[in-house]
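Here is my note on the model you sent. Please read it with the structure open.

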Amino acid sequence: MTQDQPSQRLDAIDALRGLALLGMFAFHLIWDLGYFELVSPELPFEPGVMGFGHGVAGSFLFLVGASLALASQHGVNRRAFWRRLLVISAAAAGVSAATYLLFPESFIFFGILHCIALSSLLALPLLRAPLWLVAVIALAVLVAPLIIESTVFDAPAFWWLGLGTREPLSNDWRPILPYFGVVLAGLVTARGMLARGLPTWLTNWRAQNRAAGALVWSGRHSLLVYLVHQPIFLAVIFMVARAVTPQATLVQQDDPFVASCTSQCVATSGGQQACRNVCLCISGEIRKEPMIWQRVVGEGLSPADRVTIDGFTRQCIARAR
């Protein structure tokens, strides 16, 4: 490592991070609207919406790897690296504490900030490793959950790894496998570009208007924006929901299936809102199969129906992570 060096940021990278923040705003807005039932509570669990959320998280992590490579091209600024790691780790701990108080059944125990902190630490010895070796490790990390998946890792102590057969209920779960692989992909890409010389569009781009300037500013202060946006979103949407639905409670009456499913789920895992969201998702999936739904209502489920519903259940739990 070298001694402290001044940081050289690229406006283009900050603007890309700002665009990722816009994607995060859109995903969290959909989630919050569903939580307060201003849109269908099942909407946040739709495959397209969940896929969009995974893509947004992946873009942040890719930029983490790219930024590590760009920042260390002349040597690692030790003071800046450890200061950044400490700030992100403290923010991750704060997010865990706050979400545990607000959503104890689905709190964030290993979300994107936790993943960024640990990934940054794990990437440190790879900043000067042969590029082919980093690429091989990135590929191995990305495919590891598909190969090593085992019930051994279903215990809560191993949830952060991402190798279990069941996905935990959490408002944001970004296990180190495979997401560290996305960070390494960004690292490999940026190091490859540095080896050939950074393109002029990346080095020379500057914000020319207020919108672009706002993207650069938000990307440069992405941690602050991340930490403050959800409390603002939740407060505003809560007030809107109370204005639109002024009853003492915003929770709609559930059909008997959702009510029964939620009751059984709460009895085993204890998370009222998380259980209800999953059961709403299951109900929506079953309703797409009218014949099965008729047998659910008529209590005439066949063994094949139960296998199908079990599949819906696993899908909905996976979407709820």
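1. Of the 321 residues of the protein chain, 45% count as buried (under 20% relative accessible area; over 50% is exposed and in between is partly exposed, with a 1.4 Å probe and protein chains only). This is a predicted model, in which local features need pLDDT of at least 70, side-chain atom pairs count only at pLDDT 80 or more, and totals for chains, interfaces and linings use all residues. Residues are numbered from 1 along each chain as its sequence is written, and side-chain values use heavy atoms, with hydrogens and water left out.

2. The protein chain has 13 helices and zero strands. Helices here are DSSP runs of H or I with at least four residues, strands are runs of E with at least two, and both are numbered from the N terminus. The accessible surface of the protein chain is about 16,800 Å², and 66% of that belongs to carbon and sulfur atoms (Shrake-Rupley method, 1.4 Å probe).

3. Among contacts in the protein chain with a separation of 6 or more, 73% join residues 24 or more positions apart. Contact means heavy atoms within 4.5 Å.

4. Look at helix α1 (residues 11-35) and helix α2 (residues 47-71): their axes come within 9 Å and cross at roughly 155°. Axes are lines fitted to C-alpha atoms, for helices over the stretch in contact, and angles run from 0 to 180 degrees between N-to-C directions. α1 and α2 are therefore roughly antiparallel (over 145 degrees; under 35 is roughly parallel, 65 to 115 roughly perpendicular, the rest oblique). The α1 and α2 crossing is left-handed (near helix turned anticlockwise from the far one by less than a right angle; clockwise is right-handed). Residues in this contact include Leu16, Ala20 and Phe27 of α1 and Phe52, Val56 and Leu63 of α2. The contact of α1 with α2 divides into 14 nonpolar, four polar and one charged. Ala, Val, Leu, Ile, Met, Phe, Trp, Tyr, Cys and Pro count as nonpolar, Asp, Glu, Lys and Arg as charged, and the others, Gly among them, as polar.

5. Helix α4 (residues 112-123) packs on helix α6 (residues 176-196) at about 60°, with axes 10 Å apart. α4 and α6 are therefore oblique to each other. Their contact includes Cys115 and Leu118 of α4, and Tyr179 and Phe180 of α6. The count for α4 with α6 is nine nonpolar, one polar and no charged. The crossing of α4 and α6 is right-handed.

6. Check Val134, in helix α5 (residues 131-148). Val134 is buried, at 0% relative accessible area. Its C-alpha atom is 6.8 Å from that of Val188, 54 residues apart along the chain. Leaving out residues up to four places away in sequence, Val134 touches Leu126, Ala129, Leu184, Leu187, Val188 and Arg191.
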